[in-house]
Amino acid sequence: MKKIEIIGLQTIPLIEPGNDLAEIILDALNREKLSLVNGDILLIAQTIVSKSTGMIKDLREIIPSKKALELNEKIAPKMRAKDLPEKSPELIECILRESKKILKAEHVIITETNHGFICANAGIDKSNVKGESKITVLPKNPDKEAEKIRMHLEKKTNKKIAVIITDSFGRPFRNGSVGVAIGISGMNPLLDKRGHVDLFGYKLQSTIIAQADNLAAAASLMMGESNEGIPVVLMRGYNFIWKEKSRIDSLLRKEEEDLFRINESLENVKEILKSRRSYKIEFSDQHVNKKIIENCIEIARWAPNAHNAQPWRYIVLEKNETRIKLINQMNEKLKKDLKREGKSQEFINNKINKTRFNFIEAPYLILPCLDKKDLEKYHDSERDQKEFIMAVQSVSNSITYFLLALHAKNLAACWYCAPLFAQEIIKETLNLPSSYLPLAFITIGYPKKEIKAPSRKDLTEILFYSEHFKKR
Ligand SMILES: Cc1cc2nc3c(=O)[nH]c(=O)nc-3n(C[C@H](O)[C@H](O)[C@H](O)COP(=O)(O)O)c2cc1C
């Protein structure tokens with residue numbers, strides 16, 4: 001008869017920071033008249049590993065960051081709508097600190113933890129820990145903790161065993177949580193069955209079994225979730241190949257190979273495209289890091305452009321004397337233009353004040369230019385003109401990429417056409433090469449207020465199939 005035994009250790013005491021888990025497990029085995037044999041697997045609940053290694057936080061000692069407060073504002077109404085208990089900004093702060101990426105923030109927060117696990121609330125647990133304001137966070141390095149326990153037990157018992165640290169995660173597409181492995185030692189978490197034959201002699205092509213997760217799920221039947229108090233399970237009779245060096249991250253699918261994450265990033269793109277706004281009001285006084293601007297210009301280089309000529313140039317105007325001098329000179333021209341058009345003094349003053357405010361006060365002002373040097377030359381004025389249009393289109397594409405990149409970094413921006421009407425003044429004041437054509441100003445800063453989306457034409461007004469224009 002083939003069987004696998006799942007034995008729950010029932011005499012593990014409540015664990016405190018600093019406890020030696022390996023010794024505690026040995027004591028429990030002794031009390032329960034059990035001794036380890038070669039090939040045994042010990043499955044240990046994350047909570048006790050976190051507690052013993054001091055991974056407990058007191059929410060009263062956490063100061064939420066601006067990001068945590070913003071996230072709280074975003075998700076609190078969604079949690080209320082679902083009648084779920086709200087998360088405190090302090091808890092959200094802890095989730096952020098334990099995560100490298102937030103994948104979803106709805107009525108739950110799904111993150112990629114610093115280890116690379118994808119789970120709700122970065123694996124932070126409020127249950128099974130004493131104290132209203134206390135939480136446990138996942139062990140920093142669960143593989144290392146599993147290894148420490150295995151080494152200690154093997155030394156004391158002279159038996160070759162494996163140790164798995166388990167947690168329970170929810171799953172996409174299916175309801176309910178299951179036990180999963182988050183740390184391992186002594187066993188490969190994956191069992192590669194490729195090349196083996198099935199019952200009918202068919203050679204398996206792609207079967208790789210997540211044996212560590214299967215074992216964790218089986219152990220979770222015994223551990224339970226609430227007050228069962230069985231945080232350590234001994235699994236006996238499962239055949240596995242013993243392995244000295246093992247890592248849990250072989251269970252984690254690489255982002256670029258994960259079809260579902262690619263879809264999700266497309267969802268993010270849609271969100272970014274639709275939520276970008278032209279920000280024309282006062283910026284907040286939050287400092288803008290120059291590196292972020294440079295990173296966004298780096299992204300702007302990837303815009304589609306005619307002949308891959310990349311005729312764009314970006315000139316960063318920091319908040320200094322040069323910028324003030326430039327805006328004042330542009331305004332002198334603007335005044336004259338508006339006077340010539342017969343505008344009233346009041347209109348002119350308003351316009352001048354507005355441009356001063358927009359362009360002098362913005363934390364950053366960027367001047368995208370078209371470098372005519374990159375244009376192809378034809379001996380045909382019509383072709384030359386189309387080439388110029390293509391160059392303008394190309395720079396425009398790049399500016400759009402730039403705006404979207406800024407938006408993805410939570411920066412607000414607006415595209416202004418003013419430089420088109422003062423190209424010579426700009427070139428002269430900034431001493432630009434003669435081939436540069438200033439095309440726009442982009443004001444950049446952190447937003448102070450949210451901007452409402454202006455309306456968009458209905459799809460029926462802008463989308464046509466060729467039949468629509470056919471002569472009747
Ligand atoms: C080529 C171009 C020139 C623009 N020039 C100005 C401008 O001079 N002043 C201004 O307030 N907004 C300017 N805008 C911003 C538009 O007003 C804005 O994109 C439009 O109203 C749609 O709003 P949204 O960007 O928030 O979707 C310009 C946008 C583009 C693409």
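Which residues in α8 meet which residues in α11? The views below take up this contact and several others. The model is predicted: local features need pLDDT of at least 70, side-chain atom pairs count only at pLDDT 80 or more, and totals for chains, interfaces and linings use all residues. Residue numbers start from 1 along each chain, as its sequence is written.

**View 1. Helix α8 packs on helix α11.** C296, I297, I299 and A300 in α8 meet S398, Y401, F402, A405 and L406 in α11. Contact here requires C-beta atoms, placed from the backbone, to lie within 7 Å. The residues of this contact divide into 8 nonpolar, 1 polar and no charged. Ala, Val, Leu, Ile, Met, Phe, Trp, Tyr, Cys and Pro count as nonpolar; Asp, Glu, Lys and Arg count as charged; the others, Gly among them, are polar. α8 spans residues 290-300 and α11 residues 381-408; the packing angle is about 140° and the axes are 8 Å apart. Axes are lines fitted to C-alpha atoms, for helices over the stretch in contact, and angles run from 0 to 180 degrees between N-to-C directions. The two helices are therefore oblique to each other. Angles under 35 degrees count as roughly parallel, over 145 as roughly antiparallel, 65 to 115 as roughly perpendicular, and the rest as oblique. The crossing of α8 over α11 is right-handed, meaning that the near helix is turned clockwise from the far one by less than a right angle. Helices (H or I, at least four residues) and strands (E, at least two) are DSSP runs, numbered from the N terminus.

**View 2. Helix α9 meets helix α12.** The axes of α9 (residues 321-340) and α12 (residues 423-430) come within 10 Å and cross at roughly 150°. That makes α9 roughly antiparallel to α12. The crossing is right-handed. α9 contributes K325, L326, Q329, M330 and K333; α12 contributes I425, I426, T429 and L430. This contact holds 5 nonpolar, 2 polar and 2 charged residues.

**View 3. Helix α1 packs on helix α5.** α1 covers residues 21-31 and α5 residues 142-157. Their axes lie 9 Å apart, at an angle of about 45°. α1 and α5 are therefore oblique to each other. α1 passes α5 in a right-handed crossing. L21, A22, I25 and L26 of α1 face I149, H152, L153 and K156 of α5 in the contact. These residues divide into 6 nonpolar, 1 polar and 1 charged.

**View 4. An open sheet has 5 strands.** The order is β1-β12-β2-β8-β9, with mixed pairing. Strands pair if DSSP finds at least two bridges between them. β1 (5-8) and β9 (174-185) are the edge strands, each pairing on one side only. Twist averages 30° from one strand to the next. β8 (residues 162-171) pairs with β9 in the antiparallel sense over 9 bridges. I165 has G183 in β9 as its bridge partner. Helix α6 (residues 211-223) lies across β1, β2, β8, β9 and β12, at about 115° to β9.

**View 5. An open sheet has 3 strands.** Its order is β4-β5-β6, with antiparallel pairing. β4 (99-105) and β6 (118-120) stand at the edges with a single partner strand each, so one side of each is left without a neighbour in the sheet. The twist averages 30° from one strand to the next. β5 (residues 109-113) and β6 pair over 3 bridges. T111 stands opposite C119 in β6.

How values were computed: Two residues are in contact if their C-beta atoms, placed from the backbone, lie within 7 Å.
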